[in-house]
Amino acid sequence: MSSRSIGLGSLTRHLGAWRSPGSGAAYRQLAGAVRLLILDGRLPLAARLPGERELAQALGLSRTTVSAAYGRLRDDGFLTGGQGAAARTSLPTGPAPRVEAGAVADKPGLIDLTAAVLPADPNVHAAYVRALERLPANLPGHGYETAGLEELREAVAAGYRRRGLATSSGQILITHGAHNGLVHLLRLTTRPGAPVVFDHPTYPQAIDAILAAGGRAVPVALPDGEEGWDVEGLVAACRSSNAAMAYLVLDHNNPTGRMMRAADRTRLLAGLKGSETLLVLDETLVELTLSGPPALSASAVDAPRIVRLGSMSKSVWGGLRIGWIRADRAVIQRLAQSRASFDLGVPILEQLAAVELLTDGGKALAARRPLLRARRDHLRARLAEKLPEWVCPRPAGGLSLWARLPGPISSALTIAAEAEGLRLAAGPRFGVDGAFERRLRLPYTLSEDQLDEAVIRLGRAARKVGRGRKAPASVKPVAVY
């Protein structure tokens, strides 16, 4: 049984303006609002809800009304525990099994929207050409750089210093991408059954890594809307579970694109002061701000127990496979020692190419932001035209939209779309326990012509689902990037 509890403040914030005059009995409306929070993943499963009396007082209702709402939710399978016992969130059919990532053969003409990544531009090829010219100087050595080439570590550290974060090369460990860095951190800090807190929804491969390490997933739902985090919920989850690690994507969260404000980061650090939780911040999308103030300014909030994951996969090219960890020197030294049993470092040529790209004055990113901004707005316009009942907030940055569907149809839509030659990642892939059936991540990294065709195929799939056509029994497993 989970030890997680939903605080009264968190639940009332999630409920928001749940009651509408003339829309039926209050207990039915309250039950419907809580049911939707569970289906959307904003309330985790097996979490204890506030007692009937305290919730009634907070909402200005009679206890009888709240009791009736809880009773209805129990009858429908969304709560467990008899009357008088602790009410815990549930799903009628139980937690959905997690779909494992795997390869699926491509079909001719397939449009793949499971990967929120861009192809390489000419700057990448030019960087490899220059790296090859410099490679002979590195050949006399043995080629094993456990922490990474010193010049690459210094180039990464210089990037942090430009953001206002005093950093030395000794605080940097070069990895095979940010995901590889997370795996190293989990191996170092997490024991089987240990709780790992994360914002919900989040990057699917991160959830897979946590579960593969034997960690116990502790999701904290992002509040409904276009921005904000449940800071109090994060602090409470870390402290009540004694989590060794919290994995958060605060800079253009994947998949929602939202960014945590600097003031909320300060509140989060204050709330965790004195705790033993290692705060792991995934910053792979930090440079991809498309609207408003850049994420770099907010991300300068720092503390000794913060570990940062960086990568060139999203901002430059996934095939480069260069990432890094920024942490306290002692943590970096422990990681460098422990990685020898897992991998022996990153190829020298790729590291030299990364140095070229990181010291090119921003050329590799100069054309990316306006291109992505145009494609983001183009995709939103096409969706509004073809699927007007969908809600697609305009993210401040990142590489994808997080669409709200008119019903819990994400998995069914994914199956129907495959038959139309369109590969999607269903909303539940970005969460645990079957959450986010009313959501769908839609990357805007393809060309505008491809996005236009994708929306046409998506419309056909949505009409099939709307007509209730029978779909195959299971979703084909896909890797999500």
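# Notebook: cavities, salt bridges, cores and backbone

The second largest cavity has a volume of about 60 Å³. I listed its lining and found 13 residues, with Asn 254, Leu 285, Gly 398, Leu 399 and Ser 400 closest to the centre. By class, I counted 4 nonpolar, 7 polar and 2 charged residues in this lining. I note here that the model is a predicted one.

**Entry: the other cavities.** I searched the whole structure and found 4 cavities of 30 Å³ or more. The largest cavity holds about 70 Å³ of space. The lining of the largest cavity comprises 9 nonpolar residues, 3 polar ones and 1 charged one.

**Entry: salt bridges.** I counted 30 salt bridges. I then examined individual pairs.

I looked up Arg 13 and Asp 230, whose side chains form a salt bridge at 3.1 Å, N to O. I checked the exposure of both partners: Arg 13 is partly exposed, at 46% relative accessible area, whereas Asp 230 is buried, at 5%.

I next took Arg 308 and Glu 283, where the salt bridge has an N to O distance of 2.5 Å. Arg 308 sits in strand S9 (residues 306-311) and Glu 283 in the loop between strand S8 (278-282) and helix H11 (295-298); the pair is 25 residues apart and links distant parts of the chain. I found both Arg 308 and Glu 283 buried.

I also recorded Glu 418 and Arg 423, which meet in a salt bridge at 3.2 Å, N to O. Glu 418 and Arg 423 are both buried. Tracing shared partners, I found that salt bridges join Arg 13, Asp 230, Glu 232, Arg 261, Asp 264 and Arg 267 into one network.

**Entry: nonpolar cores.** I found 34 residues in the largest nonpolar core, and those that touch the most other members are Leu 383, Trp 390, Leu 413, Leu 442 and Leu 458. Two or more residues of this core come from each of helix H15 (368-386), strand S11 (400-404), helix H16 (410-419), strand S13 (439-443) and helix H17 (448-466). H17 gives the most, with 7 residues.

I listed the contacts of Leu 383, leaving aside neighbours within four places in sequence: Pro 388, Trp 390, Cys 392, Leu 401, Leu 442, Val 455 and Leu 458. I then located a second, separate core of 29 residues, among them Ala 147, Val 331, Ile 332 and Ala 336.

**Entry: backbone.** Most peptide bonds are trans, and most residues other than glycine have a negative phi. I looked for departures from both.

I found a cis peptide bond between His 200 and Pro 201, with omega about 15°. Pro 201 lies in the loop between strand S5 (195-200) and helix H8 (204-212).

I noted a positive phi of about 55° at Asn 242, which is not a glycine. Asn 242 is placed in the loop between H9 and strand S7 (245-248), and Asn 242 is exposed, with a relative accessible area of 64%.

His 252, likewise not a glycine, has a positive phi of about 60°. I placed His 252 in the loop between S7 and helix H10 (262-271). His 252 is buried, at 0% relative accessibility.

How values were computed:
Residues are numbered from 1 along each chain as its sequence is written. This is a predicted model: local features need pLDDT of at least 70, side-chain atom pairs count only at pLDDT 80 or more; totals for chains, interfaces and linings use all residues. Side-chain values use heavy atoms; hydrogens and water are left out. On a 1 Å grid over the protein atoms alone, a cavity is a set of points where a 1.4 Å probe fits but cannot get out, and a pocket is an open set with protein on both sides within 12 Å along at least five of seven lines; lining residues have an atom within 4 Å of a point. Grid points are joined across faces, edges and corners, and a volume is the space filled by probe spheres set on the points. Ala, Val, Leu, Ile, Met, Phe, Trp, Tyr, Cys and Pro count as nonpolar, Asp, Glu, Lys and Arg as charged, and the others, Gly among them, as polar. A salt bridge is a side-chain nitrogen of Lys or Arg within 4 Å of a carboxyl oxygen of Asp or Glu. Buried means under 20% relative accessible area, exposed over 50%, partly exposed in between (1.4 Å probe, protein chains only). Helices (H or I, at least four residues) and strands (E, at least two) are DSSP runs, numbered from the N terminus. A nonpolar core is a set of buried Ala, Val, Leu, Ile, Met, Phe, Trp, Tyr and Cys residues joined through side-chain atoms within 4.5 Å. Contact means heavy atoms within 4.5 Å.
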